[in-house]
Amino acid sequence: MLRKKLHIRERHPLHADRLPVDLQQRTSSGFVTLGTAFTDDNGNWTVSATLPRNASARALFRGDDVHSAVVSSPVTVVVAPAISLTASSDLVSPGGIIQFTGKVTPVKQTVKLVISQQQLDGTFAVVREVRF
């Protein structure tokens, strides 16, 4: 969720106006509008957007008959990666095989899976590393 205040340096007061502000994401082909919010009496606005990966975003007021257009400086939003892991079994005999599956989001070109075993002293020892 992005919360900001629209500042327009003109003689016209904003308190009576509900101005539309677009939240835009930079793409390889230009900016794409993700959502639109309207300012409150003090020029504040809030808009939410779902970002599947890191993005550069900006706010844009396109202007109207009274107010000039204005665009914000871009902000960079970093999407924290998430990983899930499941095992085919939670119990196996010594030397037995367990199949692991998982998912990483956002999608990565390379994923390194490190399988570790907890030791008696609480530390972890690497058993195997697999690169996908």
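This report covers the strands, salt bridges and selected side-chain contacts of one protein model.

The model is predicted: local features need pLDDT of at least 70, side-chain atom pairs count only at pLDDT 80 or more, and totals for chains, interfaces and linings use all residues. Residues are numbered from 1 along each chain as its sequence is written, and side-chain values use heavy atoms, with hydrogens and water left out.

## Overall fold

The protein has 11 strands and zero helices. Both are DSSP runs numbered from the N terminus: helices are H or I with at least four residues, strands are E with at least two. Along the sequence the pattern reads β-β-β-β-β-β-β-β-β-β-β.

Of the 132 residues, 18% count as buried. Buried means under 20% relative accessible area, exposed means over 50%, and partly exposed lies in between (1.4 Å probe, protein chains only). Contacts are heavy atoms within 4.5 Å. Among the contacts with a separation of 6 or more, 39% are between residues 24 or more positions apart.

## Strand pairing

Two strands pair if DSSP finds at least two bridges between them. S2 and S3 run antiparallel and are joined by eight bridges. They form a hairpin with two residues between them. Arg26 stands opposite Phe31 in S3.

S2 also pairs with S5, again antiparallel, through four bridges. Here Gln25 has Ala57 in S5 as its bridge partner.

S10 and S11 pair in the antiparallel sense over seven bridges. Gln118 stands opposite Phe124 in S11. Five residues lie between the strands of this hairpin, and Gly122 takes a positive phi near 95° there.

## Salt bridges

Side chains of opposite charge can pair when their charged atoms come close. The cut-off used here is a side-chain nitrogen of Lys or Arg within 4 Å of a carboxyl oxygen of Asp or Glu. A search of the whole structure finds two such salt bridges.

| Salt bridge | N to O distance |
|---|---|
| Arg62 and Asp22 | 2.7 Å |
| Lys112 and Glu129 | 3.2 Å |

Arg62 and Asp22 sit 40 residues apart and link distant parts of the chain. Arg62 lies in the loop between strand S5 (55-61) and strand S6 (70-71), while Asp22 is in strand S2 (residues 20-27). Asp22 is buried, because its relative accessible area is 7%.

Lys112 and Glu129 also link distant parts of the chain, 17 residues apart. Lys112 belongs to strand S10 (residues 112-118), and Glu129 to strand S11 (residues 124-131). Lys112 counts as partly exposed at 44% relative accessibility. Glu129 is partly exposed too, with a relative accessible area of 46%.

Arg58 is found in strand S5. At 22% relative accessibility, Arg58 counts as partly exposed. The C-alpha atoms of Arg58 and Leu23 are separated by 5.9 Å, although the two are 35 residues apart along the chain. Leaving aside neighbours within four places in sequence, Arg58 is in contact with Asp22, Leu23, Gln24, Phe31, Val71, Ser72 and Pro74.

Which ring does Arg58 lie over? Arg58 lies over the face of Phe31, at 3.6 Å from the ring centre. The rule asks for NZ of Lys or CZ of Arg within 6 Å of the ring centre and within 35 degrees of the ring normal.

Ser56 is also placed in strand S5. Ser56 is buried, with a relative accessible area of 17%. Beyond neighbours within four places in sequence, the contacts of Ser56 include Gln24, Gln25 and Arg26. Pro74, Val75 and Thr76 are also among the contacts of Ser56.

## A buried threonine

Thr39 has its place in the loop between strand S3 (30-38) and strand S4 (44-47). Thr39 is buried, with a relative accessible area of 2%. What lies 2.8 Å from a polar atom of the side chain of Thr39? The backbone nitrogen of Leu19 does.

Methods: Polar contact = N/O pair within 3.5 Å; in protein donor to acceptor, adjacent residues only side chain to side chain.
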